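Here is a short briefing on one protein chain. Look over the sequence and the structure before reading the notes.

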Amino acid sequence: GPYSSGWSYSNVTDVTTTGSTNQYSAFTGSGESSTNYGICNASEYSNNRLFSSNGVAFTPTGSYFTNTTYAALSMQNGDAFATEFGDESNSAGGEDWFLLTVYGLDADSLRTTDSVNFYLADYRFTNDTEDYIIDEWTWVDLSSIENVYGLDFVLTSSDVGGFGMNTPAYFAMDNFDGT
C-alpha cells in the first residue's frame with residue numbers, strides 16, 4: 001500500500017511519474033541484471049534492517065544500490081515537500097546531499113562501530129558539473145562491515161523541515177552479496 005514501511009520486492013519500470021504513487025520504481029527502470037529488485041522505505045519509523053537468516057554472523061561483500069524514481073525526481077525537480085537539489089534558496093544553500101549509511105548489527109541487534117556511507121545524490125562540489133543524482137545501479141563494497149548478524153539501512157538528507165527529512169526516504173537495492 002501507499003507509504004508502506006520496510007522492504008518490498010518490485011519490478012516496476014516507470015521512470016517518469018512523479019510522487020508517492022510511484023514509490024516502488026527504481027530510477028533505472030529495471031533491476032541490476034534482472035527485472036526484480038528490492039525497494040526500502042528507510043524512514044525513521046520503518047523496519048529497514050536485514051538479518052542473517054540462520055542466526056550466524058557474516059561479512060557482506062556488497063550490493064548494488066540506486067535511487068527510486070520517487071526520490072530522484074523529487075531531488076531533481078522539487079515537489080510539495082522537498083526543494084530542488086542545487087537550488088541556492090533552499091535551507092542547504094544549494095549544497096544538497098542524500099546519504100545512505102549501512103551499519104552493522106551485533107547479536108543483540110545493536111549497531112556496531114562498522115558502517116559504510118554511499119551518497120545517492122551529492123551537490124556539494126565547487127564545480128557544479130560534478131553534482132549528481134545516482135541514476136544507475138552502483139556496486140557498494142560492504143566488506144568492511146565484518147562479523148555482523150544484520151545490517152541497518154539509514155537515509156539522511158540536507159533537505160530537512162519541521163517534520164523531519166523532506167527527501168523521500170526510499171532507495172533500491174539488488175544482488176545483495178553479488179547474488
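Predicted model: local features only at pLDDT ≥ 70, side-chain atom pairs only at ≥ 80, totals over all residues.

Which strands each supply at least two residues of the lining of the largest pocket? They are β9 (150-157), β10 (160-161) and β11 (164-165).

**The largest pocket**

- The volume of the largest pocket is about 750 Å³.
- Its lining is made up of 26 residues. Ser43, Phe163, Met165, Thr167 and Ala169 are the ones that lie nearest the centre of the pocket.
- Strand β9 gives the most to this lining, with 4 residues.

**Helix α1**

- Helix α1 spans residues 69-77. The helix is mostly covered, with 7 of its 9 residues buried.
- The buried residues are Thr69, Tyr70, Ala71, Ala72, Leu73, Ser74 and Met75.
- These buried residues pack against four strands, namely β5, β6, β7 (132-133) and β12 (170-174).
- An α-helix has 3.6 residues a turn, so residues three or four places apart point the same way.
- Gly78 follows α1 and has a positive phi, near 75 degrees.

**Aromatic rings**

- A pair of aromatic rings is described by the distance of the centres and the angle of the planes.
- Counting ring pairs whose centres lie within 6.5 Å, the model has 11 aromatic pairs.
- One of them joins Phe125 and Tyr132, with ring centres 6.2 Å apart and planes at 40 degrees.
- Phe125 is partly exposed, at 27% relative accessibility. Tyr132 is also partly exposed, with a relative accessible area of 27%.
- Trp7, Phe65, Phe118, Phe153 and Phe171 are linked into a cluster by ring pairs.
- A ring can also lie under a charge: the charged end of Arg111 sits over the ring of Tyr103, 4.0 Å from the ring centre.

- Thr83 is placed in the loop between α1 and β5 (97-105).
- Its relative accessibility is 30%, so Thr83 counts as partly exposed.
- Beyond its neighbours within four places in sequence, Thr83 is in contact with Ser74, Met75, Gly78, Asn90 and Asp159.
- The side chains of Thr83 and Asn90 are joined by a polar contact of 3.4 Å.
- Thr83 and Asn166 are 83 residues apart in sequence, while their C-alpha atoms are 7.9 Å apart in space.

**Two residues of strand β6**

- Asp122 belongs to strand β6, which covers residues 111-122. Asp122 counts as buried because its relative accessibility is 6%, and the cut-off for buried is under 20%.
- A polar contact of 2.8 Å joins the side chain of Asp122 to that of Arg124.
- Leaving aside neighbours within four places in sequence, Asp122 is in contact with Asp96, Trp97, Glu130, Asp131 and Tyr132.
- Asn117 also has its place in strand β6. Its relative accessible area is 48%, so Asn117 is partly exposed.
- Not counting residues up to four places away in sequence, Asn117 touches Leu99, Leu100 and Thr101. With Thr101 there is a polar contact of 2.7 Å between the side chains.
- Asn117 and Gly29 are 88 residues apart along the chain, and their C-alpha atoms are separated by 24 Å.

- Ser109 has a positive phi, near 65 degrees, in a residue other than glycine. Ser109 lies in the loop between β5 and β6 and counts as partly exposed, at 27% relative accessibility.
- Asn147 is not a glycine, yet its phi is positive, about 50 degrees. Asn147 lies in the loop between β8 (138-141) and β9.
- Is Asn147 buried or exposed? Asn147 counts as exposed, because its relative accessibility is 57% and the cut-off for exposed is over 50%.

Terms used: Residues numbered from 1 in each chain as written. Heavy atoms only, no water. Phe/Tyr/Trp six-rings, centres within 6.5 Å; stacked < 30°, edge-to-face > 60°. Buried < 20%, exposed > 50% of the residue type's maximum accessible area, 1.4 Å probe, protein only. Lys NZ or Arg CZ within 6 Å of the ring centre and 35° of its normal. Contact = heavy atoms within 4.5 Å. Polar contact = N/O pair within 3.5 Å; in protein donor to acceptor, adjacent residues only side chain to side chain. 1 Å grid on protein atoms, 1.4 Å probe; cavity = no way out; pocket = protein on both sides within 12 Å on 5 of 7 lines; lining within 4 Å. Points joined across faces, edges and corners; volume = space filled by probe spheres on them.
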